[in-house]
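Please read them with the sequence and structure at hand.

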Amino acid sequence: MVVEISTVIAGALKAAGGLFGLSKLWFLPTFLAALTYYNYDLYDPESQPISVSKINSEYDFIVIGAGSAGSVVASRLSENKDWSVLLLEAGNQETELTDVPILSLYLHGSRYDWKYKTEPSDTACQAMKENRCCWTRGKVIGGSSVLNTMLYIRGNRRDYDQWAEMGNTGWSYEEILPYFLKSQDQRNPYLAKNRRYHATGGLLSVDDAPWLSPLGIAFLQAGEEMGYPIRDINGENQTGFALFQYTMRRGMRVSAAKAFLNPFRLRKNLDISLNTLALKILIDNKKRAYGIQYLKDGKIGTVKAKREIILSGGTVNSPQLLMLSGIGPREHLLQHGIGVIADSPGVGENIQDHIAVGGMVFLVDYPISLVMKRVVNVNSALRYAVAGEGPLTSSVGLETVAFLTTKFGNQSDDWPDIELMLTSGGTNSDGGSNVKRAHCLTDSFYDSVFKEINDKDVFGIFPMIMRPKSRGTIRLRSKDPLQPPLIYHGYLSHPDDVKVLREGVKAGLALGETQAMKRFGARFHNKALPGCKHLPEYTDEYWECYIRQYTMTIYHMSGSNKMGPPTDPMAVVDPTLKVYGVSNLRVIDASIMPLIPTGNINAPTIMIAEKGADMIAEEWKT
C-alpha cells in the first residue's frame, strides 16, 4: 500500500512540474501527498476509464471526442449491451490537479488545452498579445469540462422556445427540460424539493460552493438593494441574483468523464481510445459515413461503424473534421484540394460566444478576498485533502451571478441580456501570474493597469453579453489535419453588442456603489486603459473603447454546425442532429446550437447529448 501511494504521489508531482513548475505552487508536494493519502481510494488510477491498446476493426457506433457531449453519448449508447461503442479522444487522462477547483486557470495553456488562438482583429482583444484572443479548449478525457469553472446554468426557457420556432421540432423548453433533469443529481436539499425544475439521482452532481468569502453574500445583498430578487436561476424565472451552483462533489470537480464514464469503466461493450486523433470521416460513393481514419501511437489506422458515427469534437474541431472529410462550403474545400462530398455552406459559420468585459476590479479595505498567496498554502491544502473544504474549493472566486436586462432589452420580460459574474478576486489577485497568462494579456497592458495593485484585496465584476449579434467563422488552414484551423472570432463586429456591454459595465459600476459593497470600502480601480486615454473617462465613448481592449471570452463557443430545418440553407444538421447530405453521421455538441443560450453552456451541452443519445437509441431500438 505504501509503495502504491508513493508511486501515485511521484506521478502527480511529475505532472505538476510538467504543467507549470513547482516553484509557482510550492505547496503542491504537501498537498498531493495529503490528497493521495486521505483520498487514496478516490484517486486509485484504476478508477479511471481504461484506454484500449488496440482498436477493433468494427463497432456499432463510433463517437469522436470525449468532451462534455461525447462522454454522455458514449455512456448512454453503451447502456444497451447489444451495441458496441468506440469513443475516441485526442487527449489523455485527468489527474489529481485537474480536480482542484481553484487551479483551473493553471490548466490553460497546459497539455490539457488545444491552445487555440484566434486570428488578429481590430474589433476586440486589443489588450491581448498580437491582438489575438486565446481560446482554451479541453484536450483531455472530459474535454472542456476539465478546464471550465464548473458553473451549472441551463439558460432561459425563451432560448429553447426560439429554437423550436426556427423549425427545430422537439427542442422547445418543455421538451428539453426532461433531459436536464435526467442528468442532474441536485445536492441542495431545498432546491431538490422543487421536482418541477430539479432532480436527484442523475449522474451529474450539482452542488453549492463549500466555501464562500464574505463577498458572496454581500453581492446578494447588493442585488436586493438594487431592487432584484434572489432566486433559483435554473427555476421558473431567471432575472435576479443567486449564488452559483457547480458540477462539483465533495469539493472536487465533476467533469463529464467522471460523471458519465468513470462509473462504467468495466463495460465490455465500451472501448475508449485516448491519445487518438480522428483524421477523417470515411464516406462511400453513396454518401454514407462508414468509418474513421485515425492517428494513434504514430500510426494511421481505420475503424468501421455498422450503425452510426457521432461527431462530438466541439465548436472548433467538429467543423474542422467535417471540412477535412469533404463536408462544407464548396469553394473553400476546393481551394484546399478536398473533394466535395456535400456542399454545406453553414459548416464553420454562425459562431457565437459569450464575451465579457475584463478588468473591472474594486478595491476593498479588508482581507476578505481570494488573494492567492494568502489562501493557497499548506493549511488550505491539508483542509482540502482531508475534508474537501476551504478556499481551494473556490472556482477561481466565482461566487455570485446576476441576470439583468439593459435598456436595450425588454425589462418587463424575463429574458436577460446581461449576466454579471461576481467574483471574490480579480485579474491582480495572483500577483500577475496565471490570470494574465490565461487571458493572454500583454505585459505592458497588465503592468500599466494592474501592477500597482498586485495582491491587493479586490472583488471583480465581469459583465457578459447573453445574445450577441456578432458572428465568427472557422476555416481550414490547410488540408493537413494536424494543423489548427483559422478562427475568426468576429467579436463586437455588430455595434449593438458594444452598446449592450456598455450598459452592462454601468450596471456593474452601480453595484459597486451600493451600501452592501461600500461597507467594505469598495471603490472602482479607475485606471485609464492604455488604448483609451485619449477619451474622457466615464463617457460612453470611453467604455466602448474599454470593452474592445480587455475583451474576455468566457469559452462558450457554439453554433458552428447550426441545427435547422431543411428550408434553412445554412443548417448543417437537422433537428435529429443528422448531417445534411451524408447518412449515418450526426453532430452532437455545442456546435449545433442555432442560437446561444442565456447563460453558461456546459449544462446545455450535456442536455443536447442526452437528447441526441436518446434519439439515436429510439431510432435503432428495433
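**Notes on the disulfides**

1. Cys-125 is buried, at a relative accessible area of 0%. The model is a predicted one, and in it Cys-125 is joined by a disulfide to Cys-133, with an S to S distance of 2.0 Å. Cys-133 is buried as well, at 2%. The torsion about this S-S bond is about 105°, so the disulfide is right-handed.

2. How many disulfides does the structure hold? There are three. Counting bonded cysteines along the chain, they follow the pattern 1-2, 3-4, 5-6.

3. The torsion about the S-S bond of Cys-134 and Cys-440 is about -90°, which makes the disulfide left-handed. Cys-134 sits in strand E4 (residues 134-135), while Cys-440 is in the loop between helix H14 (434-438) and helix H15 (443-449); the pair therefore ties together parts that are 306 residues apart in sequence. Relative accessibility is 12% for Cys-134, which is buried, and 10% for Cys-440, which also counts as buried.

4. The remaining pair is Cys-532 and Cys-545, with S to S at 2.1 Å. Its S-S torsion is about -90°, so this disulfide is left-handed. Cys-532 lies in the loop between strand E24 (523-524) and helix H18 (540-549), and Cys-545 lies in helix H18, so the bond ties together parts that are 13 residues apart in sequence.

5. Are Cys-532 and Cys-545 buried or exposed? Cys-532 has 0% relative accessibility and counts as buried. Cys-545, at 14%, counts as buried too, because the cut-off for buried is under 20% relative accessible area.

Technical notes
Residues numbered from 1 in each chain as written. Predicted model: local features only at pLDDT ≥ 70, side-chain atom pairs only at ≥ 80, totals over all residues. Heavy atoms only, no water. Disulfide = S-S within 2.5 Å. Buried < 20%, exposed > 50% of the residue type's maximum accessible area, 1.4 Å probe, protein only. Helix = DSSP H or I, 4+ residues; strand = E, 2+ residues; numbered from the N terminus.
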